Amino acid sequence: MNGLRYVYAVCRPFDAPLQAQVTGVAGAPVGQLPHHGLVAVVSTVPERDFAEEPLKRHLEDLDWLSDTARGHQSVIDALTAVTTPLPLRLATVFRDDSGVRTMLERREETLRRTLDRLDGRVEWGVKIYAESGGGQRAAAPARPASGRDYLLQRRRRNQAHDEMWERAEKFAGRLHDLLSGRAEDSRLHPPQNSALSRESGRNVLNAAYLVSRADSEAFVELVDRTKDEETADGAGLRVELTGPWAAYSFATPAPEEASGTASGTASDTASDTGEAAP
């Protein structure tokens, strides 16, 4: 194969075929590179886009980055349907097959241990948003007749606002404790910035849960039931459940991943930077 080797994930050998229509980054077909009982799921990408210098420029191009992330995620989703993948960073690229095999061999023990821990498990994401004003359009307050009336109206608005946030945060803590008790592991991520996510409301919970496939239906039902109980009065709380995903939040990175650069030499590694998310 000509070009660089883009690596999506590492998994154990699997027999089930991927969806026929699945293509990877830049529309490339996806293949498997076996090594010592592990499989790297790869495709070939052009050096003009994925060598170190052009890749740095592309990572500042949001349209290019979005297209690349969609191609990457489509492969991870297809793998998740047939096996337990260990997803790698977005734009993990090696010079050739030898570089990929060197990575697998160097990290073999860690990869096997992580795959054992994640086997048969998926990630579910839960977010809670609190809408200012209770999620409903409030009637315009009467025009204050005096400065005293204005101060009273302002005090009541502030009090209602504080009570709503307090309720939202208490519900977020209660739901997280409940779901953590039904999951094998959990992660609390920083709240999303609404200006970046373009979601309405304030994000008060952004969590991920590692759940066995066998328990996933019961987990989803628990989220739905608890959500319905809390939001029945339409008090401005919104719960979003996403998944099942590959276990991104629980694939503890090796030291070389955490540094943002593959530790191979320039001869076997073209680049390894960025990170995908579900």
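Which strands and which helix do the buried residues of helix 4 pack against? The model behind the answer is predicted, and local features need pLDDT of at least 70, side-chain atom pairs count only at pLDDT 80 or more, while totals for chains, interfaces and linings use all residues. Residues are numbered from 1 along each chain as its sequence is written, and side-chain values use heavy atoms, with hydrogens and water left out.

**Helix 4**

The buried residues of helix 4 pack against strand 1 (4-11), strand 2, strand 3, strand 5 and helix 5 (108-118). Contact here means heavy atoms within 4.5 Å. Helices (H or I, at least four residues) and strands (E, at least two) are DSSP runs, numbered from the N terminus. Helix 4 covers residues 97-106, and Gly99, Val100, Met103 and Leu104 are buried in it. Buried means under 20% relative accessible area, exposed over 50%, and partly exposed in between (1.4 Å probe, protein chains only). These four residues lie on the same side of helix 4, because they cover an arc of only 140° around the axis. The arc is that of the directions from the helix axis to the C-beta atoms. At the start of helix 4, a side-chain oxygen of Asp96 comes to within 3.2 Å of the backbone nitrogen of Ser98.

Most residues other than glycine have a negative phi, and most peptide bonds are trans.

| Residue | Phi | Relative accessible area |
|---|---|---|
| His36 | near 55° | 45%, partly exposed |
| Ala91 | near 65° | 1%, buried |

His36 sits in the loop between strand 2 (31-35) and strand 3 (38-45). Ala91 sits in the loop between strand 4 (86-87) and strand 5 (92-94). A cis peptide bond joins Gly243 and Pro244, with omega about 0°. Pro244 belongs to strand 9 (residues 237-245).

**The whole protein**

The protein has nine helices and ten strands. Of its 278 residues, 42% are buried. Among contacts with a separation of 6 or more, 81% are between residues 24 or more positions apart.

**Confidence**

The predictor's confidence in each residue is its pLDDT, from 0 to 100. The mean pLDDT of the protein is 82, and 74% of its residues reach 70 or more. Over residues 253-278, pLDDT stays under 50. The model has 64 contacts beyond four places in sequence for residues 253-278. Where pLDDT is low, the predicted coordinates should not be read in detail.

Technical notes: Polar contact = N/O pair within 3.5 Å; in protein donor to acceptor, adjacent residues only side chain to side chain.
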